[in-house]
Amino acid sequence: MNSYETFAYVTKAPEGSIDYKKIKINSEIGDVLLKPILTGICGTDRGIVNGALSFAYNPGGYDFLVIGHESLCKVVESSDKNFKAGDLVVPVVRRPGDCPNCRIGRPDNCSDGNKHEAGITGLHGFMRGQFYEQSINLVKVEDPSLKDVAVLTEPTKNVEKAMEVLDRVSSRSIYSSGDSTFLDKNCIIIGTGNEAFLYGLSAKDRGFNTYMVNRHPLQKNITEMLDAFGINFIDTSQDKDFNKRIKADLLIDTSGDPGTIFNYIREMNYNGIAILFGTNGKAPSTQVSSEDIDHIIERNITIAGSVDAAKTHYVKALDDLSKWNRRYGTVFSSMISNRISPGDTEIFFKKANGEIKSVIEWE
Ligand code: NAP
């Protein structure tokens with residue numbers, strides 16, 4: 001058991017708040033001491049800080065939660081011979097409970113809810129000066145060229161898991177076109193945040209005509225990046241009938257907005273698959289009609305939720321990052337759009353100008 005003091009970003013879950021201050025950790029299990037290099041800020045962190053995610057809670061014995069679940073860390077010392085000082089690692093977020101899925105290394109598919117998530121549900125996260133981890137929870141970054149982008153491993157692992165969901169549910173019919181590809185299939189991604197970008201890159205890799213939508217224009221730096229990736233952007237405040245003009249075979253939602261989601265689901269193609277990923281406890285409710293239900297049934301549409309991912313998806317995510325980093329170079333690495341110093345708390349309330357991914361730079 002390790003006990004220490006360090007500076008950390010803390011919130012009170014689920015009410016929300018954010019503070020950067022010295023904290024005391026009383027007893028932490030772990031054979032590897034880590035120091036973060038970069039920690040990413042995502043929609044979930046902002047949701048917790050703003051009190052919009054009722055599922056977040058503090059670890060037992062603490063009246064606060066250290067926030068942060070996206071990180072690239074450096075090993076400071078290790079008593080596990082597989083890790084040495086200086087190694088780059090990404091700690092996994094979800095920790096298993098005792099259900100059948102958790103026991104086979106798939107806490108992402110936990111069947112009783114008794115898992116924990118670092119920085120989200122009952123376990124301190126990674127936005128702190130140092131922390132101890134059990135080596136089983138670490139994924140090593142073997143490709144040294146990923147030093148600037150490996151902080152994207154955690155959000156990319158979500159995409160790998162969702163694509164696994166797509167593969168599973170799409171096997172109930174012939175999902176590809178007659179030429180065996182997805183080249184004339186449409187993927188629509190709702191939202192233009194960091195997860196949407198990563199979904200867009202992955203959908204493009206699979207051959208989909210890929211569209212990202214939002215209800216306002218985007219800054220030039222962002223549309224230029226989408227052009228470089230071959231992803232179409234649609235501003236639905238201008239192109240109001242886009243959902244009727246282009247019909248989705250694959251719909252991925254990162255907005256958590258029920259009204260917007262159903263605007264696309266009620267127009268989806270036969271055998272379409274909608275993957276719900278975004279969560280927004282403050283989004284307004286919507287109405288679903290009996291016609292909508294008929295459409296979903298008659299067209300064999302699948303609506304699947306997808307949460308988190310397993311360690312195997314982190315490993316696949318590192319391969320994705322190596323590929324995209326090689327293919328797109330600095331365009332890809334500029335997805336890390338804003339770097340801030342520890343202590344800044346404004347970033348949790350308002351996206352930085354032109355933000356795709358804001359990170360805290362710890363060293
Ligand atoms: P983000 O940057 O907040 O992305 C949300 C995106 O949705 C933003 O681009 C936002 O646009 C857009 N949006 C909101 N309402 C919309 C609407 N009505 N129409 C079109 N676009 C809309 O967050 P992120 O980090 O990319 O994460 C995406 C979501 O996934 C978040 O809700 C997060 O909590 C969730 N998440 C889920 C999991 C999981 O395991 N399922 C894991 C991580 C994150 P504006 O910024 O312009 O409002």
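Reply: Happy to! A residue counts as buried here when under 20% of its relative accessible area is left, as exposed over 50%, and as partly exposed in between (1.4 Å probe, protein chains only). This is a predicted model, in which local features need pLDDT of at least 70, side-chain atom pairs count only at pLDDT 80 or more, and totals for chains, interfaces and linings use all residues. Residues are numbered from 1 along each chain as its sequence is written, and side-chain values use heavy atoms, with hydrogens and water left out.

β12 is mostly covered, with five of its five residues buried. In a regular strand, side chains alternate between the two faces of the sheet. In β12, Asn-186, Ile-188 and Ile-190 belong to one side, while Cys-187 and Ile-189 belong to the other. Both faces are covered, and these residues are all buried.

Now for the neighbours. Two strands pair if DSSP finds at least two bridges between them. β12 pairs in the parallel sense with β13 (residues 209-214) over five bridges, and Tyr-211 of β13 is the bridge partner of Ile-188. β12 also pairs in the parallel sense with β15 (residues 250-253), over four bridges. There, Ile-188 stands opposite Leu-251.

β15 and β16 (residues 273-276) run parallel and are joined by four bridges.

Stepping back, these strands are part of an open sheet of six with parallel pairing, in the order β14-β13-β12-β15-β16-β17. β14 (232-235) and β17 (302-305) are the edge strands, each pairing on one side only. From one strand to the next, the twist averages 20°.

β12, helix α4 (residues 194-205) and β13 make a right-handed β-α-β unit; with the strands pointing away from the viewer, right-handed means that the path from the first strand over the helix to the second runs clockwise. α4 lies across β12, β13 and β15 and runs at about 165° to β13. That angle is taken between N-to-C directions on a scale from 0 to 180 degrees, using axes fitted to C-alpha atoms, for helices over the stretch in contact, where contact means heavy atoms within 4.5 Å.

Notes. Helix = DSSP H or I, 4+ residues; strand = E, 2+ residues; numbered from the N terminus.
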